[in-house]
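Here are my notes after going through the model. Have it open beside you as you read.

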Amino acid sequence: MKSAVVSASVSVRDCVRNLGALYCRESVALPLAVIVACSHAPASVAADSYPAKPIRLIVPFPPGGSNDIVGRYIGQKLTARLGQQVVIDNRAGADAIIGTQLAAAAVADGYTFLMASTSHTMTPATHRKLPYDPVTSFTPVSLIGTAPVAIASYPAAPMQSLKDLIALAKAKPGQIQYASSSAGGLTHFAGELFNQMAGVKIVIVPYKGGAPAITDVIAGHVPVLINTLPPLLPYVRSGRLRLLGVSSAKRTAALPEAPTVAEAGVTGYEAGIWWGLMGPAGVPPGIVGKLNAEVGAIVREPDSVKWFTAQASDPASSAPDEFSKLIVADVAKWRKVAKSAGIGPS
């Protein structure tokens, strides 16, 4: 029995020294209460001294997209607040699966995180088998921001409002087309959710990216565009696109005059993009709590509110468990949309 206690005293020696409350030698047996107390110390000590080296933030998309832009912004802010560099690591490919898998497989020591977005909850609906579980393979930290999807048309199109679009689509089922930046992505899912909730059938015309889709709608080749709002702002403000509605639950601060889809009668419609911070499963709670508090403080700063508004986005934060519930709900939501729309997994 004595040897077991001595062994325990050796294993907690560093713990005791870090606490600065006791001094122990290998030949001295510590009381059981001290051993138990010290067994809980590493997590708190780690959180107090965290971070002790640079943090890697994996962005599973190429540079220049919204994930990258928001990731770099939050990375710079965290660098300033934590005193350690947050290094952006773009690992694009396979519908964000490559970078996401890399994050899931990382050591859960608080030094590797994933810049996740809504697409994280859509890939389970579009891919038959993933090398990770979108829920259990990760530790949610916090939401960072949100942005709505926008439904727009070129100025000479016959629809002047979203109600006009719905009426026309009901009169001509399957004859109205909408341009989307991709098939199987956010804007496609947003379009199919609109079809299901509005009781219409507008048909997707998929493009390889948002830019060519925007160009063709401005030229009048396709009457309707469904796209995230940020890249549309300059065209809406210049009058080259007419904004029919935004997909957020409430009007966005970036364009408060734009009505929501729900205001046009499609009650409950919501299909925007969110960005959030996640780590691999098992990140110590103390580190999660510290980062959650830092993200919350960052997005509440006046300059952050101004920055997000300029990006046609809204800052956001959440408790880790709230973020986890959102992920679970979104996975179920988009699987249901995909099944109803016949968007099959690959």
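1. A quick word on terms before anything else: buried means under 20% relative accessible area, exposed means over 50%, and partly exposed is in between (1.4 Å probe, protein chains only). Thr136 is exposed because its relative accessible area is 57%. You'll find Thr136 in the loop between α7 (119-126) and β4 (138-147). Its C-alpha atom is separated by 9.9 Å from that of Val328, 192 residues apart along the chain.

2. On provenance: this is a predicted model, where local features need pLDDT of at least 70 and side-chain atom pairs count only at pLDDT 80 or more, while totals for chains, interfaces and linings use all residues. Residues are numbered from 1 along each chain as its sequence is written, and side-chain values use heavy atoms, with hydrogens and water left out.

3. Now the overall picture. I get 14 helices and 11 strands in the protein; helices (H or I, at least four residues) and strands (E, at least two) are DSSP runs, numbered from the N terminus. Of the 346 residues, 49% are buried. The accessible surface is about 15,500 Å², and carbon and sulfur atoms own 57% of that; these areas come from the Shrake-Rupley method with a 1.4 Å probe, and for residues only the protein chains shown count as cover.

4. Contacts next, where contact means heavy atoms within 4.5 Å. Among contacts with a separation of 6 or more, 77% are between residues 24 or more positions apart.

5. Have a look at Ala254, in the loop between β9 (242-246) and β10 (273-280). With a relative accessible area of 8%, Ala254 is buried. Leaving aside neighbours within four places in sequence, Ala254 is in contact with Arg237, Thr309, Ala312 and Ser313. Thr309 is 55 residues from Ala254 in sequence, yet their C-alpha atoms are 5.0 Å apart.

6. His188 belongs to helix α9 (residues 186-198). Is His188 buried or exposed? Its relative accessibility is 9%, so His188 counts as buried. Not counting residues up to four places away in sequence, His188 touches Tyr178, Ser180, Ser182, Ala183, Ile204 and Ile343.

7. Last, helix α12 (residues 285-300). The expected span of a helix is 1.5 Å times one less than its number of residues, so the 16 residues of α12 should span 22 Å, and the 23 Å between its end C-alpha atoms agrees. Buried residues in α12 include Ile287, Val288, Leu291, Asn292 and Glu294. Val295, Gly296, Ala297, Ile298 and Val299 are buried there too.
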